[in-house]
Amino acid sequence: MDRLAIVVPCYNEEEVLKLASKALRDVLEDLVQKGKVAEDSFILFVNDGSRDRTWELIEEEHAAYPVRVQGVKLAGNVGHQFALTAGLVTAKDMSDVTISIDADLQDDVDVIEEMVDKFHAGNDIVYGVRKERRTDTFFKRTSAQAFYKLMHLMGVKTVYNHADFRLMSRRAVEEFSKYKETNLFLRGMMPLIGYRTDSVYYDRKERAAGESKYPLKKMLALAFNGISSFSVKPISLILSLGLFVIFISVIMLIYALFSYFSGHVVAGWTSLIVSVWFLGGLQLLAIGMVGLYIGKIYMEVKQRPRYNIEKILSGEELPSGQDGSTRGEDR
């Protein structure tokens with residue numbers, strides 16, 4: 001029987017953690033009774049440097065349900081993508097299949113059984129995909145659609161309306177752990193693994209409690225990181241724009257010479273100022289974009305650990321050679 005680990009990254013989730021633990025424990029108990037997962041399947045909460053009582057609550061849940069609820073405490077706040085990676089890599093050596101889900105219970109836990117069924121049917125990755133976005137605000141809905149379309153235009157493979165609610169087999173997580181980059185965008189990395197995939201569809205719910213940990217600023221940063229981590233097309237677009245501006249400049253030069261020799265000289269102060277500002281802005285944009293890619297290269301070549309595990313609440317010993325200050329598949 002396959003052992004299932006449900007990985008839940010947490011940052012300041014004290015208001016919802018008990019609810020999430022109860023809901024996910026109920027799901028596991030139901031799957032165990034139906035004989036679809038092993039008796040020792042578990043939930044793995046990953047505390048991403050929370051400043052509230054999140055870790056204390058994880059410890060309480062582990063004390064009350066030592067087999068069913070386990071935990072990973074990161075030494076500091078590293079962000080959702082790194083925290084989720086830490087949970088997946090930690091769970092890899094303790095389970096046969098993992099499911100990642102956020103603690104806010106907006107993703108429908110009822111489709112977890114369907115994910116497990118599709119795993120048993122031979123799929124290594126099963127994506128949780130939203131059916132629609134009618135409950136979103138107009139801005140969030142249109143910006144999300146624009147994001148997926150832009151990613152597609154930039155050549156980045158993503159699953160439309162899929163976030164980080166997914167099932168992964170052990171071998172899929174093992175392949176994922178070989179990707180060493182520090183600029184993580186998991187939604188774009190999963191299609192690169194290449195194993196057999198499927199999807200389940202669900203309606204996204206309202207957040208059970210607390211506030212969203214992904215405000216507009218973080219969403220924009222995630223989107224830009226996804227584009228710049230998987231595509232060099234922005235630099236190509238800047239090159240194309242530069243060539244276009246040069247073409248327009250040649251036309252304007254011909255027009256200026258024609259005006260001069262025909263005696264129809266115009267002062268042209270406004271057009272001159274507009275041109276200077278436009279070209280100055282274009283140069284700053286180009287330098288900034290190139291600088292961003294250079295900065296990403298700088299972060300990658302340093303090869304610093306992506307996260308540091310301070311403590312693990314588990315009934316098992318850590319595999320040999322894994323001590324908590326890690327990068328990639330090492331902990």
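Two strands pair if DSSP finds at least two bridges between them. Helices (H or I, at least four residues) and strands (E, at least two) are DSSP runs, numbered from the N terminus. This is a predicted model, where local features need pLDDT of at least 70, side-chain atom pairs count only at pLDDT 80 or more, and totals for chains, interfaces and linings use all residues. Residues are numbered from 1 along each chain as its sequence is written, and side-chain values use heavy atoms, with hydrogens and water left out.

**Exercise 1.** Find the neighbours of strand 1 and follow the chain to one of them.

*Solution.* Start with Ala5: its bridge partner in strand 2 is Phe42. Strands 1 and 2 run parallel and share six bridges. Next, go to Leu4, whose bridge partner in strand 4 is Val97. Four bridges join strands 1 and 4, and these also run parallel.

**Exercise 2.** Work out how well each face of strand 1 is covered.

*Solution.* Buried means under 20% relative accessible area, exposed over 50%, and partly exposed in between (1.4 Å probe, protein chains only). On one side you'll find Leu4, Ile6, Val8 and Cys10, and on the other Ala5, Val7 and Pro9, all of them buried. That's seven of seven residues, so strand 1 is largely enclosed by the rest of the structure.

**Exercise 3.** Which residues touch the most other members of the largest nonpolar core?

*Solution.* A nonpolar core is a set of buried Ala, Val, Leu, Ile, Met, Phe, Trp, Tyr and Cys residues joined through side-chain atoms within 4.5 Å. The largest one has 36 residues, and Leu4, Val8 and Ile112 touch the most other members. Helix 1 gives the largest share, seven residues. Now zoom in on Leu4: leaving out residues up to four places away in sequence, its contacts (heavy atoms within 4.5 Å) include Leu28, Phe42, Val97 and Val116. Apart from this core lies another, of 29 residues, including Leu186 and Ile193.

**Exercise 4.** Is helix 7 mostly enclosed or open?

*Solution.* List the buried residues: Leu186, Arg187, Gly188, Met189, Met190 and Ile193. Six of the eight residues are buried, so helix 7 is largely enclosed by the rest of the structure. Just after helix 7, Gly194 takes a positive phi of about 90°.
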